[in-house]
Amino acid sequence: MELGAAAALGMALAAGLGALGAAVGDGLVTSKLLEGVARQPEARGQLTTLMFISVGLIESIPIIAVVVAFMLMGRLG
């Protein structure tokens with residue numbers, strides 16, 4: 001396999017799997033938030049704050065994956 005083809009495949013895998021992992025993580029965090037609010041409605045504010053922090057950290061994964069993809073794209077030339 002040529003270097004350009006391998007880099008293109010790596011770009012696609014990095015961006016795609018990073019986005020897929022973040023989507024699954026966001027879904028799990030949100031479902032657990034809803035479960036927690038259903039159990040303790042008075043803790044909604046604290047749980048929501050923690051959920052937004054967690055989602056922000058989870059969303060950093062595809063951003064890093066896209067940076068890796070761009071670095072691999074530089075190898076195509």
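**Exercise 1.** Is Leu-28 buried or exposed?

Solution. The model is predicted. Step one: locate the residue; Leu-28 lies in helix H1. Step two: read its relative accessible area, which is 51%. Step three: apply the cut-off; exposed means over 50%, so Leu-28 counts as exposed. Step four: look at its surroundings on the surface. Leu-28 belongs to a nonpolar patch together with Met-1, Leu-9, Leu-13, Leu-17, Leu-20 and Val-24. The accessible area of the patch is about 760 Å².

**Exercise 2.** Determine which side chains form a salt bridge, and describe their placement.

Solution. Step one: search the whole structure, which gives one salt bridge. Step two: identify the partners. The side chains of Glu-35 and Lys-32 meet at 3.7 Å, N to O, and the cut-off is 4 Å. Step four: check accessibility. Glu-35 is partly exposed at 36%, whereas Lys-32 is exposed at 52%.

**Exercise 3.** Characterise the setting of Asp-26 and find its nearest side chain of opposite charge.

Solution. Step one: Asp-26 is in helix H1, which spans residues 3–39. Step two: Asp-26 is buried. Step three: list its contacts, leaving aside neighbours within four places in sequence; these are Val-55, Ile-58 and Glu-59. Step four: look for a partner. Side chains of opposite charge can pair when their charged atoms come close. For Asp-26, the nearest such side chain is Lys-32, 15 Å away. Asp-26 has no salt bridge.

Conventions: Residues numbered from 1 in each chain as written. Predicted model: local features only at pLDDT ≥ 70, side-chain atom pairs only at ≥ 80, totals over all residues. Heavy atoms only, no water. Helix = DSSP H or I, 4+ residues; strand = E, 2+ residues; numbered from the N terminus. Buried < 20%, exposed > 50% of the residue type's maximum accessible area, 1.4 Å probe, protein only. Lys, Arg positive; Asp, Glu negative; His and termini not counted. Contact = heavy atoms within 4.5 Å. Patch = residues over 30% accessible without salt bridge, like charges linked within 9 Å, V, L, I, M, F, W, Y side chains within 5 Å. Areas by Shrake-Rupley, 256 points an atom, 1.4 Å probe, with all protein chains shown as cover.
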